[in-house]
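Subject: Structure handover

Hello,

Here is the structure for you to open alongside this note.

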Amino acid sequence: MEIVLADKAGFCFGVKRAINTAFEAAAKGNVYCLGPLIHNPQEVERLRKAGVKTVEDFSSLQPGEYLIIRSHGVPPQVLEQARAKGLQIIDLTCPFVGKAQRDAEALSREGYQVVVVGEKQHPEVQSILGYAGQNALVIETADDVENNTFQPRLGVVAQTTQSYGNFSEIVLKLLRLSKELKVFNTICNSTKERQDSAHALAGQVDVMLVVGGRNSANTSRLVSVCRSEGKPTYHIEVADEIRPEWFAGVSRVGVTAGASTPDWVLEGVLEKLKSGKVGT
Ligand code: F3S
């Protein structure tokens with residue numbers, strides 16, 4: 001069985017930067033991360049062992065302790081509260097997420113109703129919303145557009161991991177409903193590169209494996225992209241989940257990984273596939 005790895009797979013710039021800085025910061029002691037640093041439980045566990053503990057809120061932290069803001073960012077009010085408490089902030093908000101936050105803020109200041117295209121509950125979307133003004137809305141799908149009412153002047157930004165297909169479908173619908181529409185394309189290039197690469201590979205293989213956290217939006221998006229190509233696609237977090245029955249009659253298997261999937265996890269999957277002992 002031939003195993004083909006997507007050209008673009010695994011850690012993106014923002015996640016690599018966050019992970020490296022967090023491991024360096026661990027040596028300071030008393031380092032806490034607000035929510036899991038990345039959507040990959042295996043890497044979060046490695047960080048925990050290095051001394052970076054995950055907290056869901058910072059109410060129990062003491063002045064002087066370190067608080068990591070992960071690549072998804074946080075609403076400005078959260079930053080203010082953490083600073084007011086005397087915490088030392090290590091802000092690892094990805095610069096591309098920061099750009100989406102600033103674009104949303106500028107649109108709101110210019111009087112547009114801000115529409116964030118993304119997943120309502122995703123922390124990155126929540127962080128952008130914090131900059132987007134009182135009347136901002138989150139739209140997940142083109143169907144959602146029908147269920148909302150909009151002001152005549154609309155400003156649009158995207159969650160950085162959105163697919164271009166979904167973003168453009170929503171923008172087109174909003175165009176028909178608005179008198180004025182200002183759109184910032186805040187989709188991250190790393191996301192697009194991984195999606196394009198996964199899509200191209202899915203067209204050339206019999207089966208696709210997508211490696212990454214089940215709670216990772218960009219990994220789940222890669223799964224949808226591969227399935228849209230009509231290929232059987234399996235989402236796994238680690239090599240042990242690989243099942244031999246997936247490969248019956250398969251001569252080429254494609255592998256890709258989300259932007260928050262560490263190299264060591266991806267390498268584990270490739271090794272297992274190459275060993276021929278899949279599922280054992
Ligand atoms: Fe940043 Fe793009 Fe990665 S927004 S965290 S470089 S997917």
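Start with the largest cavity. Its lining has 26 residues, and C12, V15, T161, N218 and A259 are the ones nearest its centre. The volume is about 340 Å³. By class, the lining of this cavity holds ten nonpolar, 13 polar and three charged residues. Helices α1 (13-26), α4 (95-109), α8 and α9 each give at least two residues to that lining. The count comes to one cavity of 30 Å³ or more.

A word on where this comes from. The model is predicted: local features need pLDDT of at least 70, side-chain atom pairs count only at pLDDT 80 or more, and totals for chains, interfaces and linings use all residues. Residues are numbered from 1 along each chain as its sequence is written, and side-chain values use heavy atoms, with hydrogens and water left out.

Now the terms used so far. On a 1 Å grid over the protein atoms alone, a cavity is a set of points where a 1.4 Å probe fits but cannot get out. A pocket is an open set with protein on both sides within 12 Å along at least five of seven lines. Lining residues have an atom within 4 Å of a point. Grid points are joined across faces, edges and corners, and a volume is the space filled by probe spheres set on the points. Ala, Val, Leu, Ile, Met, Phe, Trp, Tyr, Cys and Pro count as nonpolar; Asp, Glu, Lys and Arg count as charged; the others, Gly among them, count as polar. Helices (H or I, at least four residues) and strands (E, at least two) are DSSP runs, numbered from the N terminus.

Next, the domains. The protein chain is divided into domain 1 (2-10 + 189-274), domain 2 (13-93) and domain 3 (96-183). The bounds come from an automatic or database domain assignment. Taken over C-alpha atoms, the centres of domain 1 and domain 3 are 30 Å apart. Six residues of domain 1 are in contact (heavy atoms within 4.5 Å) with eight residues of domain 3.

Where does the largest pocket lie? It lies between domain 1 and domain 3, because both give residues to its lining. The space in this pocket is about 190 Å³. Its lining is made of G118, E119, E140, Q162, S163, N166, Q195, H199, R221, S224, V225 and S228. Helices α8 (189-202) and α9 (217-228) are the elements that give two or more residues to it. The largest share, four residues, comes from α9. By class, the pocket lining has one nonpolar, eight polar and three charged residues.

Q195 is buried, at 7% relative accessible area. Buried here means under 20%, exposed over 50%, and partly exposed in between (1.4 Å probe, protein chains only). Leaving out residues up to four places away in sequence, Q195 touches T161, Q162, S163, Y164, R221, L222 and V225.

On to the aromatics. The structure holds three aromatic pairs. Rings of Phe, Tyr and Trp (its six-membered ring) pair if their centres lie within 6.5 Å; planes under 30 degrees apart are stacked, over 60 edge-to-face, and the rest tilted. Y234 and W246 are stacked, because their ring centres are 4.0 Å apart and their planes are at 5°. Y234 is in strand β11 (residues 233-236) and W246 in the loop between β11 and β12 (252-257), so the pair ties together parts twelve residues apart in sequence. Y234 is partly exposed, at 24% relative accessible area, whereas W246 is buried at 17%. Ring pairs join Y234, W246 and F247 into a cluster.

Last, some backbone and packing points. Most residues other than glycine have a negative phi. N30 is not a glycine, yet its phi is positive, about 50°. N30 sits in the loop between α1 and β2 (31-34) and is partly exposed, at 43% relative accessibility. In helix α2 (residues 41-50), Q42, E43, V44 and L47 are buried. Their cover includes α1, β3 (52-55) and α10 (263-275). Just after α2, G51 has a positive phi of about 115°.

Best wishes
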